[in-house]
Structure formats: structure tokens, C-alpha cells
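Open the model in your viewer and get ready to select residues. Follow the stops in order.

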Amino acid sequence: MSNPVEDPTLPTPTGPTTERAVRRPVLLIVEDDLDTRVALVELLSLDFDVLSATDGADAVAMSRAHVPDLVLADLTMPRLGGLGLLEQASQLARLESLARTDALTGLNNFRALQAKLEEELARAARYGAPLAVLLIDLDHLKMLNDQEGHEAGNAALEVLAEVLRDELREVDFAARYGGDEFVALLPHQTATEAGVVAERLRIRLGRKPWALPEPLTMSIGVAAVDGQRQQSDPAALMAAADAALYRAKRLGRDRVEVATPRDGAHRPRTH
């Protein structure tokens with residue numbers, strides 16, 4: 001029996017171990033001279049997925065659409081040269097940073113947290129690593145605002161943010177969740193390990209000097225995925241941490257509570 005004829009219009013099947021399955025870095029070449037641009041594209045296409053633009057102005061628009069990993073640009077071009085392109089790219093980066101930063105505390109904001117939580121959960125599932133989340137509530141902020149004014153309340157939020165910056169690891173991620181609530185993501189930490197971290201944060205905040213004589217306190221709910229190779233639901237993980245936080249507040253505040261299986265963070269292994 002003869003071999004079947006392959007249809008050239010159909011895509012070639014590729015598996016997870018083929019070269020096509022590995023994402024190559026995207027390179028944007030910005031060069032106004034046609035011959036130079038073509039030569040660079042041919043040379044560098046061996047190692048990169050190459051995009052090209054004729055000047056800096058075109059490169060700015062292309063960068064917004066494709067977000068290259070690397071830009072190779074001529075210094076002198078008709079409309080916008082390499083240095084001008086660098087300045088514009090720096091302004092885009094600053095705007096993006098501002099859009100993901102809480103103005104009061106300087107921590108990440110809710111928008112940045114949503115993206116980071118999905119990213120860390122996907123990584124935890126891929127590598128079978130645990131991931132813990134701390135849901136933190138600054139105790140009695142409304143009372144503080146009512147008695148001492150919103151400036152005092154804002155100062156208290158800034159002190160809590162400073163504790164998070166000082167005490168968390170570089171690989172951890174802290175964000176203001178909204179109002180008096182904060183979230184910390186702790187990669188490669190089990191619920192038990194994260195509970196130890198949370199207790200340290202609680203103690204450090206209570207010892208932190210600030211404008212008023214009364215020490216600041218916070219309640220913390222801890223939840224975690226256990227490192228099994230399965231995708232977890234961000235909403236379920238946050239709900240488990242919220243249940244633990246509610247329990248900490250109900251039991252008197254200024255304490256750490258770790259989510260139980262009933263809170264929904266720990267799910268049975270799927271086969």
C-alpha cells in the first residue's frame with residue numbers, strides 16, 4: 001500500500017517536545033536602511049522571532065501591539081532615533097508601573113494582584129510546588145479614622161506596607177487588596193510555613209513605632225495549595241483565606257488563623 005500524500009495546506013503536527021513548542025524570544029529590529037534591515041532580519045531569524053520597523057515611531061506602535069523581548073535600534077533615523085525610542089519606551093514602562101501600583105502604600109494594587117495570582121497558581125501547578133496566600137486586615141481602621149482622622153489611618157496603612165516590604169522575601173508578592181486589606185503571595189510555602197511567616201508579620205507590626213502610642217494590630221487568614229500538579233481556582237483560594245481571616249477577627253482580632261479543608265483551599269487529588 002502506498003504512503004498517503006500529505007496536504008501542504010495543513011499544519012504540521014507538533015508535540016510538546018518539538019522545537020516549535022518552545023517559545024523563542026521576540027526581537028524588534030528598527031533600521032531605516034532597507035539593505036541593513038533585511039540583512040539583520042535574515043541573520044537573526046535563526047535565534048529569534050524577528051519583527052522589523054523602519055523608524056522609532058513605527059517601533060513604538062509595534063511594541064505596544066507585540067511587546068518584544070529585545071529591541072535592536074539604529075541611533076539615527078528620520079522621525080525618531082534610537083535614543084528617542086528608548087525615552088518613549090521608558091515612559092510606557094513608567095505608565096504601566098503606575099497602573100499596577102497603589103498610590104498610598106507603593107505596593108502592588110488589585111489589578112496587579114489578579115494577574116500575579118493566576119501566574120503563580122499556574123506555576124505551582126506546573127512544577128508541583130506549594131503556594132500560600134496571606135489575607136491581611138488592619139484591625140480597627142474605621143475607629144482610627146473616626147477618632148484620629150484619615151491622615152492617621154493612612155499613616156497606619158503605610159506602616160503596615162513597610163512591614164510587608166521589610167519582612168517578606170524577594171520572591172514574595174505583596175499588594176493592597178482594597179481599603180484596610182492586603183494580600184501576600186508566598187511561593188513554595190505550605191500553609192504551616194506561611195502561618196509562621198504571618199505570625200512574624202503580626203508581631204513586627206505590633207512592635208513597629210509610629211505616630212500614636214497605641215500599637216497597630218492586624219488579623220491574618222492563611223490558605224495554600226499543596227503542590228499537587230493541578231490547576232487551582234484563584235477565587236477558591238482567596239475564599240479560603242477570607243474564611244480564615246473572618247475566623248481570626250471573630251476570635252478577637254490580632255491573631256493568625258490557617259484555613260482548614262472545610263474552607264475550600266485543600267482539594268483532594270484528581271486522578
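A residue counts as exposed when its relative accessible area is over 50%, and as buried when that area is under 20%. Keep in mind that this is a predicted model.

**Stop 1: H188.** Select H188. Is H188 buried or exposed? H188 has a relative accessible area of 53%, so it is exposed. The residue sits in the loop between strand 6 (181-187) and helix 7 (191-207). Phi of H188 is near 60°, a positive value in a residue that is not glycine.

**Stop 2: D254.** Now select D254. Its phi is also positive, near 55°, and D254 is not a glycine either. Look for it in the loop between helix 8 (234-250) and strand 8 (256-258). D254 is partly exposed, at 31% relative accessible area.

**Stop 3: R247 and E257.** Stay with helix 8 and strand 8. The side chains of R247 and E257 form a salt bridge, 3.4 Å from N to O. R247 belongs to helix 8 and E257 to strand 8, so the pair ties together parts that are ten residues apart in sequence. R247 is buried at 16%. E257 is buried at 14%.

**Stop 4: helices 6 and 7.** Select E167 and R204. Their side chains meet in a salt bridge of 2.7 Å, N to O. E167 lies in helix 6 and R204 in helix 7, so this pair links parts 37 residues apart in sequence. R204 is partly exposed, at 37%.

Next, pick K208 and E162. Here the salt bridge spans 3.2 Å, N to O. K208 is in the loop between helix 7 and strand 7 (218-225), while E162 is in helix 6, so the pair ties together parts 46 residues apart in sequence. The whole structure has 16 salt bridges.

**Stop 5: D172.** Go to the loop between helix 6 (150-167) and strand 5, and select D172. D172 is buried, at 12% relative accessible area. Which side chain makes a polar contact with D172? That of R169 does, at 2.6 Å. Beyond residues up to four places away in sequence, D172 touches L185, L186 and P187.

**Stop 6: R176.** Finish in strand 5 (residues 173-178), where you will find R176. R176 is buried, at 15%. Its side chain makes a polar contact of 3.4 Å with that of D102. Show its other contacts beyond four places in sequence: among them are L104, F110, L157 and F182.

Definitions and conventions: Residues are numbered from 1 along each chain as its sequence is written. This is a predicted model: local features need pLDDT of at least 70, side-chain atom pairs count only at pLDDT 80 or more; totals for chains, interfaces and linings use all residues. Side-chain values use heavy atoms; hydrogens and water are left out. Helices (H or I, at least four residues) and strands (E, at least two) are DSSP runs, numbered from the N terminus. Buried means under 20% relative accessible area, exposed over 50%, partly exposed in between (1.4 Å probe, protein chains only). Contact means heavy atoms within 4.5 Å. A polar contact is a pair of N or O atoms within 3.5 Å; within protein, one must be able to donate a hydrogen and the other to accept it, and residues adjacent in sequence count only if both atoms are side-chain atoms. A salt bridge is a side-chain nitrogen of Lys or Arg within 4 Å of a carboxyl oxygen of Asp or Glu.
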